[in-house]
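Here are some notes for a colleague coming to this structure for the first time. Please keep the sequence and the model open while reading.

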Amino acid sequence: MKTLTITKPDDLHLHVRNGAILKTVMPHTARQFARAIIMPNLKPPVTTVAQALAYREEILQAVPAELDFTPLMTLYLTGSTSVDEIKKAAASEYIHAFKLYPAGATTNSDSGVADIKAIFPLLATLEKYDLPLLIHGEVTDDACDIFDRERVFIDTSLADIADNFPGLRIVVEHLTTTEAVQFVQAAGANIAATITPQHLLFNRNAILAGGIRPHHYCLPIIKRESHRLTLVEAATSGNPKFFLGTDSAPHLTSLKETACGCAGCYSAHAALELYAEAFEQADALDKLEGFASFYGADFYRLPRNTGTVTLEKTAWTVPPEYGENGSTITPLKANEELRWKLND
Ligand code: DOR
Ligand code: ZN
């Protein structure tokens, strides 16, 4: 049987929520990854070190006893984040980055930043204390076509941030366009990016052709095929600027399958299997380990993990849902067959 063994990977962009959903999803991620960068867009958002440390404890409580998993915490940057909080974050061994959401760009981003220029003094502080800035790169202008929002953000805001803070480490999260890939490739070594499994495996037909499929709806929205091909090329290129970040974003099935469904794909149940499919299709399985296990850790200046995980070429069918009756989550590729399976 064909197998693939790689160094234990990290997920550099993950939503695990809190409460009941956290208990459902945490075992999935802890089985696949040694560490994950935890997104702070809870209700209310995680804006202080004290909140992040409490959230970290809640996450650890949800990790099955037999698994070893380290949450890497982030803080939510707002117009009223204080310089003092940034200093505290820099001094904490548990806080690894700040997340910038343009206000209104996505799930729980109401507390995000409305005027990016106005927070330049905070970005200068992040640069000074060498804390990475993680960016949801989309404009929120209603007049901007949803398929153009990432490209326009790069031109109007990202280029400006990069020019003004040449020493700031930036992760452009969940790339979806050729323009974003080109921006990251052309930038200095301080600018890197995550790529999700859904943006490697699907183009926008997966949301809209032959019926509307809410479980493929996430933000930034999946783009046309030419963009997917560029993303696959970047992820499989061996360029250390591109690394694994699932953006696994669980929402209850009832909140996805409704007249106005939430944005987010749940992929934590089979993250490595999904990436393995994308890399195998590109005949680049030999590039998976760097993307999944080395480049993200290196960018965040964390030691590379020492254990390994093994994937087997064994077909299995993804269950229709996870979680308790009445509060279930529908995973990516529900009821569909995957070619690879992670060994326990
Ligand atoms: O689709 C998304 N879901 N994109 C995001 O940026 C946030 C995420 C969520 O938290 O649900
Ligand atoms: Zn996200």
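1. Start with a term. A salt bridge here is a side-chain nitrogen of Lys or Arg within 4 Å of a carboxyl oxygen of Asp or Glu. Side chains of opposite charge can pair when their charged atoms come close. Bear in mind that this is a predicted model.

2. Now apply the term. Lys-117 and Asp-160 form a salt bridge, with 2.4 Å between the closest N and O atoms. Lys-117 sits in the loop between β5 (95–100) and α4 (120–129), while Asp-160 belongs to helix α5 (residues 149–164), so the pair ties together parts that are 43 residues apart in sequence. Across the whole structure, the search finds 15 salt bridges.

3. Turn to ligand 1. Which residues come nearest to it? There are 14 residues around ligand 1, and the nearest are Arg-17, Asn-41, Thr-106, Leu-219 and His-251. By type, the shell around ligand 1 divides into 4 nonpolar, 8 polar and 2 charged residues.

4. Look at the contacts one by one. Arg-17 places a polar side-chain atom 2.8 Å from an oxygen atom of ligand 1. His-251 also has a polar side-chain atom 2.8 Å from an oxygen atom of ligand 1. Leu-219 uses its backbone instead: an N or O atom there lies 2.8 Å from a nitrogen atom of ligand 1.

5. Next, the backbone. Most residues other than glycine have a negative phi, and most peptide bonds are trans. Pro-220 lies in the loop between α8 (205–208) and α9 (225–235).

6. There is another cis bond to check. Lys-43 and Pro-44 are joined by a cis peptide bond, with omega about -5°. Pro-44 is in the loop between β3 (35–38) and α2 (49–61).

7. Last, one phi angle. Asp-130 lies in the loop between α4 and β6 (133–135).

Note on methods: Residues are numbered from 1 along each chain as its sequence is written. Chains are lettered from A and ligands numbered from 1 in the order in which they are written. This is a predicted model: local features need pLDDT of at least 70, side-chain atom pairs count only at pLDDT 80 or more; totals for chains, interfaces and linings use all residues. Side-chain values use heavy atoms; hydrogens and water are left out. A residue is near a molecule or strand if one of its heavy atoms lies within 4 Å of it. A polar contact is a pair of N or O atoms within 3.5 Å; within protein, one must be able to donate a hydrogen and the other to accept it, and residues adjacent in sequence count only if both atoms are side-chain atoms. Ala, Val, Leu, Ile, Met, Phe, Trp, Tyr, Cys and Pro count as nonpolar, Asp, Glu, Lys and Arg as charged, and the others, Gly among them, as polar. Helices (H or I, at least four residues) and strands (E, at least two) are DSSP runs, numbered from the N terminus.
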